[in-house]
Amino acid sequence: MTIQERITQLKTKRHAVILVHNYARGDVQDIGDVVGDSLGLSRQAARTPAEVIVFCGVHFMAETAKIISPEKLVIVPDPNAGCPLANMVTVRELRAMKAKHPDAVVVTYVNSSAAVKAESDVCCTSANAVNVVKSIPEDREVLFVPDRNLGYYVSKQLGREMILWDGYCPTHQRIVPEQVTRMKQAHPEALLVCHPECPWETLALADHVGSTTGILDFCAASDATAFIIGTELGILHRLRKENPGKTFLEVSPLADCPNMKLSTLEKVLWSLEDLVHEVTVPADVIERARGAIDRMLEIS
Ligand code: CIZ
């Protein structure tokens, strides 16, 4: 039996669903029941009758699945798959900032811990961040947490000043304008498509800026046949698979997130065999974090 067949067999036995993020390894994406962005995956998981969710992504994504489906067992193939961006804000630091800006509305990107979400007024994703901030009355101050690049992009889109937390995704931060310019010069026919976690100087060179789902939709609908992809490299697998007639170029070999690559086929199998590693979130944190996620869903 192949490892893929063993995973399929165990998945049925365990009443499990395998959720895989767009940035995961290609072979792991291929065994996923659903491949997508973190919130889309969590919402789909809530609708399935599965009792176990195997989340192949990073820790905050699995926590989001737990917040949305608290009655299900959520497990991750590798408990070390964290997110440096999410780790750039702690509850203590956020409370201190809130004390300095008591009237500010706290808008928190999904790339954050459940505990930080629980301290927030509303969540956002890279797909709906502009609309979430737009829905906040102009006279209210906005504290945007934790991604300064996404926050700056939103503030430019809306022409609105915001207090930006000084966090960033190290993988997207490595997608620098000098490299992007070199790629554009080498491939003048290709459109540059970037994720808003990239630095602003890079986004200013892009033909299109979007979330992972936005990038997938844009490339599928575009008449162009070549694209330079300015986000984490894992998404190239899905882009190439779903658009066989088009060319997708890596923006830089450095755009590789080591955490996203920790979920391997072997670890997916082991996690199903032993039903490890469980992701837990305290009930009161679930309740408060759920409030911030629900407010986002009402807006978008
Ligand atoms: O929310 C997600 O899944 C992330 C990390 C990015 C995106 O644009 O989908």
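A few ground rules come first. The model is predicted, so local features need pLDDT of at least 70 and side-chain atom pairs count only at pLDDT 80 or more, while totals for chains, interfaces and linings use all residues. Residues are numbered from 1 along each chain as its sequence is written, and side-chain values use heavy atoms, with hydrogens and water left out.

The protein chain splits into domain 1 (3-81 + 260-280), domain 2 (86-168 + 286-299) and domain 3 (171-256), with bounds that come from an automatic or database domain assignment. Take domain 1 and domain 3: their C-alpha centres sit 26 Å apart. Where the two meet, ten residues of domain 1 are in contact with 13 residues of domain 3, contact being heavy atoms within 4.5 Å. Together they bury about 890 Å², and 43% of that is on carbon and sulfur atoms. Buried area here is the accessible area (1.4 Å probe) that two parts lose on being put together, summed over both. On the domain 1 side, Asn22, Tyr23 and Lys261 lose the most area to domain 3, together 56% of what that side buries.

What holds charged partners across this interface? The rule finds three salt bridges between domain 1 and domain 3, a salt bridge being a side-chain nitrogen of Lys or Arg within 4 Å of a carboxyl oxygen of Asp or Glu. Glu232 and Lys261 also form a salt bridge through their side chains, at 2.5 Å from N to O. Helix 2 (26-31) and strand 2 (34-36) each give at least two residues to the side of domain 1 that touches domain 3, and helix 2 makes the largest share, three residues. Helices (H or I, at least four residues) and strands (E, at least two) are DSSP runs, numbered from the N terminus.

Four strands form an open sheet in the order 10-9-11-12, with parallel pairing; two strands pair if DSSP finds at least two bridges between them. Strand 10 (208-209) and strand 12 (247-250) are at the edges with a single partner strand each, so one side of each has no neighbour in the sheet. Strand 9 (residues 191-194) runs parallel to strand 10 and is joined to it by two bridges. Val193 stands opposite His208 in strand 10.

Most residues other than glycine have a negative phi, and most peptide bonds are trans. Yet the bond from Val145 to Pro146 is cis, with omega near -15°, and Pro146 is found in the loop between strand 7 (142-145) and helix 8 (148-158). Val276 and His277 are also joined by a cis peptide bond, with omega about 0°. His15, though not a glycine, has a positive phi of about 55°, and its place is the loop between helix 1 (3-13) and strand 1 (16-21).

Finally, the whole structure holds 13 salt bridges. In one, the side chains of Arg6 and Glu273 meet at 3.9 Å, N to O. Arg6 is in helix 1 and Glu273 in helix 14, so this pair ties together parts that are 267 residues apart in sequence.
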